[in-house]
Amino acid sequence: MEKVIQVHWCYNLERFVCIHGHFYQPPRENPWLEEVEVQDSAYPYHDWNQKVTAECYAPNTASRIIGSDRRIVEIVNNYSSISFNFGPTLLAWMERHAQNTYEAIIAADVRSRKEFSGHGSAIAQAYSHIIMPLASQMDKVTQVRWGIEDFEARFGRYPEGMWIPETAVDTPTLEALAQERIKFTILAPHQAKRVRRIGSGSWTESHNNAIYINRPYLCRLPSGNSINIFFYNDAISKELAFGGLLNDGEVFAKRILSGFTEVKENQLVSVANDGETYGHHHKFGEMALSYCLHYIRSNRLARITNFGEFLDVSPPEYEVEIAEGTSWSCEHGVGRWMDDCGCNTGVCPMQKWRRPLRDAINWLRDQAVEAYEIEMRKYSEDPWGLRERYIAVVLDRSEENVDCFFKRNFGAELGKDEKVKILKLLEAQRHSMLMQTSCGWFFDDISGIETIQIMRHAARVIQLLREVTGRDLEHSYLERLRLAKSNYSRFGDGAKIYESFVMPSKVELQRVGIHHAISSIFNGEGDGPHKVYCYLVEDRVYDRQKLGNKVIVMGNSRVTSEVTQEEGEIWYATLWLGDHNIFGGVRRRMDYREFSAAQRDIHSAIQLGDTQKAISLIGLNFGVEGCSCSLTDLFKDRQIEVLERILEGSVGRARSHFQEVYDDNLAVMTFMRGLSLKVPPPLMAAAEVVLTYNLIDALKAEELDLGVFGKLVEDALKLQTELDKDLIGLEAKKCIELGLERLTETPEDLNRMERLEQLLKAAERLQLGINYWLAQNMLFRIISKWQGHMKSREASGDPDARRWIEKTKALAELLGIKA
């Protein structure tokens, strides 16, 4: 009690708390397709964006505050009570693939303005997470302006603050922010060089984080501009990231409150972390965050704020000079993104590859700048201003908006080819910035997916410049990459990694057409035009014939890039012989009479059973340009779909065989387990396959058969089978949430409540580790809306109401809360 009284006294002296989350994922899109392809390492999710959204970004939009009696006190959108920034490329993905979460984030900023005196909690971010001190001056400017434009388009207001990637800072970076009227940024304490009271002549050097961090500082710049800087509490932030503070929201709150001092002025204790700390890195971290804020507010221990509001309440009385070329995640300044400085994640001790990779990327960046300057000045006197304005097209690639962009920026009427060339030059610049994304250097080896990703952007730059200028930079780029040696002998060096993992990703219009042709073997023609990622494919001639057990598709299609507006025509023939055996050819030029003659000859050969002749004719007529095609030409997600379809029969037969082995031996396997004897591995393998597949099938059924599901769970437990719990858990989560969604529509359905109770009990026995955040929220809303009504009915002697109350209590208990 004594401590609470003391903190109340602090509150009267205006003590403020601000928690900042830097929510970010590196760009993961295939640079040619503009979509994220399946990432096996994110299993059972499609990709890492989807995984982290499920574990962190979505739960933080509706986080539960749990009281001491385990009842949900409130469901809150954490984003409305913290300071936060989202990477623009992540928000672009979220807008397409996680719209509810995206809209909740935008809404949180609107709500925060009401809560924090008109100051929104969202701040902007330099666009593609470049290490700003290592960027060219032109890239610095564009990164800031694109970050602002993206923010305005999404949040509907001008940002007050901007997050600098990795807080990597130098004076030119701060100048770029101040030039664009950014009021503040956030840095680590060790990034302060020296401080003094405004108007005072003497500076105090800041050694070993000695700066007083509970106040804002003014940073005067050589240009005459200035920017405000907040320094977060480094010790508490590190405990959040690497300690156990998120195990208990009250402990978290008390640790933050311990950051106040006896200084008689307005004080702000702020922490800053990767936003993924709250739910992804630390399971249920979003709930600890919610409870921390709730505990501070409800006990009036401090005032929750954001940086913009605090700056209004307490303008800086001190000024600071920064330590040039420093960051929050490298003890050696910015060495982590260009040298073997010693900073790593502990997987590999050596990162000598960083320097040659940085040199290669910088060389390519400079080549792209030179080409852009020369080529774009043929059309515009302001090529760099044009690049800055190009963000309007990146945000909206509709044909109407692109036309407006050309009308606004070019006086003369441009031809189709000129527009394509201009768009390619601008795209080369966009990818030139994306290839500098910080994550490419952050981790321990050059073979990591983040580094491969920036190499893919580099490859796109090379391709676009070759198409525009005729100059091929790939050989010179690879020579530089050969100096970047992997820690793993199997990967060799950067050039080998590029050839193995980047080159197969490359896409030209022909490959898009090939993908469409092969895909149509399995799904028919459908309505056109067909969307293939960021391309449109329009069939002009299309013929699909099933001849016996073979399928032949022949046609003529026009392929158009929605990004560069480049168009191309292809003529193709693809023959499927069953399994993965696909033979085909593609050519760009062919007249219709030649096509018809080839079509007639190929069909005739197939009908006569002469498959070899048909294949030869395809090669003769469609392989003349050396462009054959096979299943490997499908893009990755479609490859998986097609292969699953091809293997459907074989998998079915294998499952039947495993099922037969399992059924024949279930009794003896159960008997052996009862005696604590080891079951022969082949029999256990059969049990693992059968039980995993059957549990998933049961959960995916239109209506779950609880008897069948319960028996499968019982068998799995008796046999102590190793199940694919990740995949089963994901399906069980979907099934439970669907059941609660239906219960929301018919909240008095006692039968559905009973079924949900049985399902939850069965899932609990399997220990699937499901995060029930959404299910908890759904049930909480049902109880909040209907409990009062049901209690009134119960008091009147209604037995159904009594059962409803009992069932909601049982469901809440199973979901880890109380009704």
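Predicted model: local features only at pLDDT ≥ 70, side-chain atom pairs only at ≥ 80, totals over all residues.
Let's start with the helices. Two packed helices are described by the angle between their axes and the distance between the axes. For helix H29, spanning residues 773-795, and helix H30, covering 799-814, the angle comes out at about 150°, and the axes sit 9 Å apart. Angles over 145 degrees count as roughly antiparallel, so that is how H29 and H30 run relative to each other. As for handedness, the crossing of H29 past H30 is left-handed.

Who does the touching? On the H29 side, the contact residues include Leu779, Ile782, Ile783, Trp786 and Met790, along with Lys791, Arg793 and Glu794. H30 answers with Asp800, Ala801, Arg802, Trp804, Ile805, Thr808, Leu811 and Ala812.

Now over to the second largest pocket, which holds about 1,200 Å³ of space. Its lining counts 38 residues, and if you want to find the middle, look for Phe242, Asp274, Trp328, Ser329 and Phe442, the closest ones to the centre.

Which elements give two or more residues to that lining? They are helix H2 (48-57), helix H7 (234-242), strand E12 (267-274), helix H16 (439-442) and helix H17 (449-469). H7 gives the most, with 5 residues.

Terms used
Residues numbered from 1 in each chain as written. Heavy atoms only, no water. Axes fitted to C-alpha atoms, helices over the stretch in contact; angles between N-to-C directions. Helix = DSSP H or I, 4+ residues; strand = E, 2+ residues; numbered from the N terminus. Parallel < 35°, antiparallel > 145°, perpendicular 65-115°, else oblique. Left-handed = near helix turned anticlockwise from the far one by under 90°. Contact = heavy atoms within 4.5 Å. 1 Å grid on protein atoms, 1.4 Å probe; cavity = no way out; pocket = protein on both sides within 12 Å on 5 of 7 lines; lining within 4 Å. Points joined across faces, edges and corners; volume = space filled by probe spheres on them.
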